[in-house]
Every structure is written in C-alpha cells, then in structure tokens.
Amino acid sequence: MSFYDEVGGAATFEALVAAFYRGVAGDEPLRSLYPEAPELGPAERRLRMFLEQYFGGPTAYSQERGHPRLRMRHVPYAVTMDQRDRWLRHMVGALETVIADGAPIDEAHADAMKDYFVRAADMLVNTHT
Ligand code: HEM
C-alpha cells in the first residue's frame, strides 16, 4: 500500500488542497502572487495532482505538466521567507483541518508530510529581502 493510500487517497488530497487554498484566498500578500488570482482553482488542481503523485498516487501531474522542476517553476514568483512562512502556515493548518475532519492520517504520516512541506518550502525561497 502506498503512502497515498495509507493517508486516505484522493479524498484526503482533495480536502487538503481545498483547505489550503481557502487559507491562501484570505491571505492577500500570498494570494496576490498567484497569476490567475482571484481564480485559484487551476493552481489548486495542479498542487493536488503534484502532491498525489509525490506521495505515491496517480501520476496525472507529470502526464499533464511534465517533470515537476518545482524550483524552476517558482522562479517567476518572488518567494520570500515571509511568503514561505505564509504558505507553510496554511498547509500545516490544512493538514490539521483534514485530520480533525476525520482523514485517516496518523501521527507518523502527518509528521512525514509536514517534514516534506518544510523541506520543499525552504528549497523554493528565491528572493531575499
Ligand atoms: C514557499 C512558498 C510557496 C509559494 C509562495 C508558492 C507559490 C506558487 C505560485 C504563485 C504558483 C503558480 C500558481 C499556478 O500553478 O498557477 C505555484 C505553483 C506551484 N507550486 Fe508553489 N509555492 C510555494 C511552495 C510550494 C511548495 C512547498 C510546493 C510543493 C510541495 C509547491 C508546489 C507547486 C506546484 C506543483 C505548482 C504548479 C506548477 C506547475 O505545474 O506549473 N509550491 N506556487
């Protein structure tokens, strides 16, 4: 069984990114970075497909978008430490929300996801002010 299945599969990732983008939508400095804002649906779908693939689920992301190359894909956006903190706060908050709502994510899996989010967000900071 993949990590993806262990944490509840599609339903979990759908709920996670939905909760995350509800947070982003209410966070003006972060939201203003998104090229299609206030429309966040396309970004939500790409992040969902990416996370599903990263955690061992369906590979729709790469079929549609090719190699993730996340650092390169974030170059157009000024990702400062402040934006990183905002992104992470919403993602960790979203994870806690889906767990509170009953997603089958135990502590070890939640810790592994948080660790990944911190590492990935640190890697994507590209603007030092
Ligand atoms: C550190 C703070 C971050 C900021 C401010 C940020 C911001 C953005 C923005 C503005 C976009 C363009 C939206 C769009 O797809 O139209 C984007 C795309 C994306 N981001 Fe981030 N991001 C951050 C961290 C992350 C992290 C940690 C991940 C993965 C764990 C991630 C994964 C993605 C993916 C998969 C896309 C879509 C790439 C594509 O296929 O075009 N981002 N991000």
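In this predicted model, helix α7, residues 81-100, and helix α8, residues 107-124, have axes that come within 10 Å and cross at roughly 165°. That angle makes α7 roughly antiparallel to α8. The crossing of the two helices is right-handed.

On the α7 side, the contact is made by Arg84, Trp87, Leu88, Met91, Val92, Leu95 and Ile99. On the α8 side, Ala110, Met113, Lys114, Phe117, Val118 and Ala121 take part. By type, the residues of this contact divide into eleven nonpolar, no polar and two charged.

Leu88 is found in helix α7, and Ala110 has its place in helix α8. The table sets out the neighbour count of each.

| Residue | C-beta neighbours inside 10 Å | Class |
|---|---|---|
| Leu88 | 16 C-beta neighbours | partly exposed |
| Ala110 | 17 C-beta neighbours | partly exposed |

Leu88 counts as partly exposed because it has 16 C-beta neighbours inside 10 Å, and a residue is buried if 20 or more other C-beta atoms lie within that distance. Leaving aside neighbours within four places in sequence, Leu88 is in contact with Phe117, Val118 and Ala121. Between Leu88 and Val118 the separation is 30 residues in sequence, and their C-alpha atoms are 7.0 Å apart in space.

Ala110 touches Leu95, Ile99 and Ile105, when residues up to four places away in sequence are not counted. Ala110 and Asp27 are 83 residues apart along the chain, and their C-alpha atoms are separated by 24 Å.

The rest of the report concerns the protein chain as a whole. The chain has eight helices and zero strands, so from the N terminus on, its elements run α-α-α-α-α-α-α-α. Along its principal axes, the C-alpha trace spans about 40 × 30 × 25 Å. With 129 residues, a compact globule would have a radius of gyration near 14 Å, and the protein chain agrees with this, at 14 Å.

Buried residues make up 20% of the 129 residues. Among contacts between residues at least 6 apart in sequence, 72% join residues at least 24 apart.

Definitions and conventions: Residues numbered from 1 in each chain as written. Predicted model: local features only at pLDDT ≥ 70, side-chain atom pairs only at ≥ 80, totals over all residues. Helix = DSSP H or I, 4+ residues; strand = E, 2+ residues; numbered from the N terminus. Rg over C-alpha atoms; globule rule 2.2 N^0.38 Å. Buried ≥ 20, exposed ≤ 12 C-beta atoms within 10 Å, placed from the backbone. Contact = placed C-beta atoms within 7 Å. Axes fitted to C-alpha atoms, helices over the stretch in contact; angles between N-to-C directions. Parallel < 35°, antiparallel > 145°, perpendicular 65-115°, else oblique. Left-handed = near helix turned anticlockwise from the far one by under 90°. Nonpolar A, V, L, I, M, F, W, Y, C, P; charged D, E, K, R; others polar.
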